[in-house]
Structures are given as C-alpha cells and as structure tokens.
Amino acid sequence: MKTRRVFSAPDIDTAEAALHVALHMGIQPDHAALVGRPEIEMTQMPDDEKEGSPTDFMPAAMRGLLGGGVVGLVVGLLAMAIPAVGIPLVAVVLCTLVGALVGGWAAALAGSSVPSEVRRDFRSEIEAGKVLVVIDDQDERLLERASDAITAAGTQRLRLVHHGLLH
C-alpha cells in the first residue's frame, strides 16, 4: 500500500526545487506532483509536474464499481433464492455486471465534481497561495529519506487527514 506525504512550499520555485530533490532521491515521476491555486498551475507549472487528476473521478469510480457490483450480486442472489422469481445463475452474473457498471458510472459522475483528496484536505494552504509537493511510495525508507531532503529544500511537512473506512 502506498503512503502519501504532503509538503507546503511558500512559492513555486521552492516547490519545484523540492520536487526535483524528491525525484533525485528515487521517487518515481508518476508518484510526485505539485498542487496549487489554478492561476499558479495554469501559468507557472509545467504539465508533467501537476497533479494527475484534480478531481476524485477515478477513486469514486472504483468505489462505485465495487459497491454496485456487490449490490447487483446480492439482488441477483435474492432473486435466484425466491422461487416465484427463480432467475438462473447467468442472470445473477448479469445483475452483478449491470450493478457494477451503473454504480461505477454514477459514482464517477459524482466524483468528477469533487476536488481530489489533497485539494480537499489542504484547501486552506492552497488558497493561501502555498504550493504543495505531494509524494507517495510503498517504500517507507525511501519516503523518509525523500521527506528529509524535501524539508531541507525549504518546505514544511503537513499532517495527513485520514477519512473513514475507505481511505
């Protein structure tokens, strides 16, 4: 499981320097990003340094697929167990697939209008004009070394906010 670390930089130059330090320490480019106010991202950040998705689209879609699939499976099994309905096993599989597709679609639509987790959790930092440096990896030792180097580059480490069961 990946662990995420978030750092606050006072300006774009400090954030870019910290990001380059993280990459030099061994953090993969697709595991590191910068997050800031829209005008900073549009005018001052290269595209390859920006957060991959500024919305909750993909995580919401995955949760919807799982939830919809489970609901479809339960409905299909209940319909199969009721003698008056008596649907075949193939229909249970179809109910599961339809449930997963509808759940994924509906959740993705909802998630596309919700800011990403980092943007929600650190909204006040972003609105204050700070630029966030976000890294994640599975290797805790690499993260710790990179975190020390990023902090030494002039950033402040922020505390992550954990949300419920699905985090």
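Which residues point one way from β3, and which the other way? Val-131, Val-133, Ile-135 and Asp-137 point one way, while Leu-132, Val-134 and Asp-136 point the other way, and all are buried, where buried means under 20% relative accessible area, exposed means over 50%, and partly exposed lies in between (1.4 Å probe, protein chains only). In a regular strand the side chains alternate between the two faces of the sheet. Because seven of the seven residues of β3 are buried, this strand is largely enclosed by the rest of the structure.

The model is a predicted one, in which local features need pLDDT of at least 70 and side-chain atom pairs count only at pLDDT 80 or more, whereas totals for chains, interfaces and linings use all residues. Residues are numbered from 1 along each chain as its sequence is written, and side-chain values use heavy atoms, with hydrogens and water left out.

The chain has seven helices and four strands, these being DSSP runs numbered from the N terminus (helices H or I, at least four residues; strands E, at least two). From the N terminus on, their order is β-α-β-α-α-α-α-α-β-α-β. Of the 167 residues of the chain, 38% count as buried.

Strand β3 has antiparallel partners in both β1 and β2: seven bridges join β1 to β3, and four join β2 to β3, where strands pair if DSSP finds at least two bridges between them. Within these pairings, Val-6 stands opposite Val-134 in β3, and Leu-34 has Val-133 as its bridge partner.

A search of the whole structure finds four salt bridges, each being a side-chain nitrogen of Lys or Arg within 4 Å of a carboxyl oxygen of Asp or Glu. One of them joins Arg-4 and Asp-136 (3.6 Å, N to O); because Arg-4 lies in strand β1 and Asp-136 in strand β3, the pair ties together parts that are 132 residues apart in sequence. Another forms between Glu-140 and Arg-5, whose closest N and O atoms are 3.2 Å apart, and since Glu-140 lies in helix α7 and Arg-5 in strand β1, this pair ties together parts 135 residues apart in sequence.

Elsewhere, Met-80 has its place in helix α3 (residues 57-81) and is partly exposed, with a relative accessible area of 36%. Its C-alpha atom is separated by 7.4 Å from that of Val-92, 12 residues apart along the chain.
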